[in-house]
Amino acid sequence: MDDGIVSAATLVARRINAEGLAIIKEFEGLHLTPYLCPAKVWTIGYGHTRTVRAGMVLTREEAQDLLDEDLRLFERAAQRLVKVPLNDNQFSALVSFVFNVGIANFERSTLLKLLNRTWYEQVPAQLTRWSRAGGEILGGLARRRAAEARLWNTAPSSSDAPMPNFADARAQADTATKSIAAAWSAPFESKGRRRGNAWSAF
């Protein structure tokens, strides 16, 4: 960690901060018995879905333990998939987002592709695109995306924690992209253009 900015590739396991955790708890709510979420998935505790079963009843302490287990899963996923530096608020906003939409959706999202191209400023707008369930915009999801976007745009509380240097990061990414493109172009020059993967909107 360096003045609040941590490389996504660091070996140190990162944890969601208090502000990000508050978003998850507020919008997931605490349910000590199973219920069907708006996406028609059986859920219990603070948005826990992996081991829920009929007739299950939790204590508050058990719900917190399940939340801690789930958070480590999503924290590791965010840390693994994001290839650019993030401050604590940015990382925590993404963990809340991944907790809600799932790792697979995050991995194939346009949001992640743009972020890994160092287009940090595009993230809030991309977050707002994920406000639907069953094809309909839900007020709760829209409010959650807005809260995550606010946290993303909020500088860390420490005055010694600067925001990432977007210009330097983008220049480094552009150089890496050109190098990769050059390395791949030669083998395919005689075979026509190589079709790339389309970006997924969701």
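**Ground rules.** I call two axes roughly parallel when the angle is under 35 degrees, roughly antiparallel when it is over 145, roughly perpendicular from 65 to 115, and oblique for the rest. The axes are lines fitted to C-alpha atoms, for helices over the stretch in contact, and the angles run from 0 to 180 degrees between N-to-C directions. This is a predicted model, so I kept local features to pLDDT of at least 70 and side-chain atom pairs to pLDDT 80 or more, while totals for chains, interfaces and linings use all residues. I number residues from 1 along each chain as its sequence is written, and side-chain values use heavy atoms, with hydrogens and water left out.

**Overview.** I took helices (H or I, at least four residues) and strands (E, at least two) as DSSP runs, numbered from the N terminus. The protein chain has eight helices and six strands. Read from the N terminus, the order is β-α-β-β-α-β-α-α-α-α-β-β-α-α. I then checked burial, where buried means under 20% relative accessible area, exposed over 50%, and partly exposed in between (1.4 Å probe, protein chains only). Of the 202 residues in the protein chain, 39% are buried. For contacts (heavy atoms within 4.5 Å), I looked at pairs at least 6 apart in sequence, and 65% of them join residues at least 24 apart.

**Helix 3 against helix 7.** How do helix 3 and helix 7 pack, by angle and axis distance? I found an angle of about 160°, with the axes 7 Å apart. The two helices are therefore roughly antiparallel to each other. Their crossing is left-handed, meaning that the near helix is turned anticlockwise from the far one by less than a right angle (clockwise would be right-handed). Helix 3 brings N89, Q90, S92, A93, L94, S96, F97, F99, N100 and V101 to the contact, and helix 7 brings L141, R144, R145, E148, L151 and W152. I sorted these by class: Ala, Val, Leu, Ile, Met, Phe, Trp, Tyr, Cys and Pro are nonpolar, Asp, Glu, Lys and Arg charged, and the others, Gly among them, polar. The contact of helix 3 with helix 7 has eight nonpolar, five polar and three charged residues.

**A stop at S96.** Leaving out residues up to four places away in sequence, S96 touches I16, G20, I23, I24, R144 and E148.

**Helix 1 against helix 2.** Helix 1 (residues 18-28) and helix 2 (residues 60-81) pack at about 125°, with axes 13 Å apart. They are therefore oblique to each other, and their crossing is right-handed. L21, I24 and K25 of helix 1 meet Q64, L67 and L71 of helix 2. That contact divides into four nonpolar residues, one polar and one charged.

**The core.** A nonpolar core here is a set of buried Ala, Val, Leu, Ile, Met, Phe, Trp, Tyr and Cys residues joined through side-chain atoms within 4.5 Å. The largest has 38 residues, and V82, L86, L94, F97, F106, L115 and W152 touch the most other members. Helix 3 gives the most to this core, with eight residues. I followed L115 and, not counting residues up to four places away in sequence, found V82, V84, L86, L94, Y120, V123 and W152 touching it.
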